[in-house]
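Please look over the model below before reading on.

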Amino acid sequence: MSTETLTDAVVTGLVADATAAPSMHNAQPWLFHYGRRSRTLVLRADYERRMPQADPSTRALHIGCGAALLNLRVSAAHHGLDAVTTLLPAPSEPALLASVRLDDLPDTPRGRAGEELRALHPAIANRHTSRYPFDERAIPDDVRARLSDAARAEGADFAFLTEPHLGTVLDLIRDAEGYDRADPAREAEQEHWVRYTKSDAPVDGIPDYAFGPRDATERATNRDFDGTSSLAGRARVLFEQRPQLALLSTEGDRPADWLRAGQALERVLLAATLEQVSTSFATQPLEWPELRWVLREPVHGTGHPQMIIRLGYGPTGPHTPRRPLDRVLTIEP
C-alpha cells in the first residue's frame, strides 16, 4: 500500500487491531491520535484507567500499551506499511508513550522483518485469554523455542519454568491471591473492573462470562475475578496439576523496558495463537514488590520479571469487550 492511499478507514483499522491487545483487568489504558500530514500515530497512556492499588508504578499499564503497540505494528505490516516507532519521544511528557510514522514497507532487511510481523496478523482476532483448564500435554520443544525467539525479537527474555523454581512461583501466585483477597482496597479496585452482563453492556473490564470456572482444588493460577463473592452457577472443575508457566523478563525496569515487555508479550501471545497454544496470565505476585523479586530463577535468573504466562492446550477463551474506537482514536481535521 502506498502512503498516498493511507485513508482514515485504514488508520481506523490499524487502531482497531491495536486495541485487541490484552491489558490489566481489560482496562484498555490507551489513546491514539493520528496526524494526516505527518502520517504519524501517537500513543498516549490514559492515566484515568490506571490502578493505584495493584499498579502504583503504572508498570502494568505500560505493558498493556506496549501490547497494543505491537498489534499496531503487525497491522501496519499487514497493510504493507512500515511502522517506524519511537518510544517515549518526549521525556517531558510521560503520558506520551510512542510515535509511529507509517511509511511504505521497504525492500530491505527492515522490510523482511515486517514480513515476519505480517505473518502474525491472523492471530490478532483469535487471541483471547483463557481462564479454563488445559490438558496435561507438554508444549513441544520446538514450539517453546519459537516463543522464546518471538520475545527475543522485541528485546525480552522468555523462559519456561522448571522445578524447583516452578514450585516456588506457584506458591507465590497463591500467596499473592490470598493477599489480594485480604486487602479491601485491592478487592474494591478489582471489583470496579468486573462486569456483570445481566445488568451491564460492557465496553471494558472483565465480563462474568470470562471468569472461567473455579478450580476444585483451590490451587489454580488464574486470578479469581469473583473475589470473595460467589457468582451463581459458576462451575468447579479440576485444572492441570502442574501448569506450564513461563516468565517474561527485561534487562531494565523503566518505562521504556515496560513498553518493550508489552511488545514482547503480545508477540509471544500471537505466535502461541498460531501454534494453537492457549494462554492466560498469573500476574498476582508481580503486583506485590516483596514477591516480585523472588520470581527470578535463583541460580541463573537475570533481569526484571514483567509477566508470568500460563500456556497449554485447551479452550481459547471468549472474546472480551472493547471500547468504541471514537473513544480511543482522534484524527486531526
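Which residue in S12 is the bridge partner of Ser-278? The reply is in point 2.

1. The model is predicted; local features need pLDDT of at least 70, side-chain atom pairs count only at pLDDT 80 or more, and totals for chains, interfaces and linings use all residues. Residues are numbered from 1 along each chain as its sequence is written, and side-chain values use heavy atoms, with hydrogens and water left out.

2. The bridge partner of Ser-278 in S12 is Gly-312. Strand S12 (residues 304–312) and S11 pair in the antiparallel sense, over four bridges. Strands are DSSP runs (E, at least two residues), as are helices (H or I, at least four), numbered from the N terminus; two strands pair if DSSP finds at least two bridges between them.

3. The open sheet has four strands in the order S5-S10-S12-S11, with antiparallel pairing. Strand S5 (157–160) and strand S11 (278–281) are the edges: each has a single partner strand, so one side of each lacks a neighbour in the sheet. On average, neighbouring strands here are turned by 30° against each other, direction ignored.

4. Helix H6 (residues 165–181) packs on this sheet and touches strand S10 (244–250) and S12; the directions of H6 and S10 make about 85°. Contact means heavy atoms within 4.5 Å. Axes are lines fitted to C-alpha atoms, for helices over the stretch in contact, and angles run from 0 to 180 degrees between N-to-C directions.

5. There are four aromatic pairs in the structure. Phe-158 and Phe-160 form an edge-to-face pair, 5.5 Å centre to centre with 85° between the planes. Rings of Phe, Tyr and Trp (its six-membered ring) pair if their centres lie within 6.5 Å; planes under 30 degrees apart count as stacked, over 60 as edge-to-face and the rest as tilted. Phe-158 is buried at 3% relative accessible area, and Phe-160 is buried at 15% (buried is under 20%, exposed over 50%, partly exposed in between; 1.4 Å probe, protein chains only).

6. Tyr-179 and Trp-288 also form an edge-to-face pair, at 5.5 Å between centres and 75° between planes. This pair links distant parts of the chain, 109 residues apart: Tyr-179 is in helix H6, and Trp-288 is in the loop between S11 and helix H9 (289–292). Tyr-179 is partly exposed at 38%, whereas Trp-288 is buried at 12%.

7. Arg-186 lies over the face of Trp-288, 3.7 Å from the ring centre. The charged end of Arg-137 sits over the ring of Tyr-313, 3.9 Å from its centre. The criterion is NZ of Lys or CZ of Arg within 6 Å of the ring centre and within 35 degrees of the ring normal.
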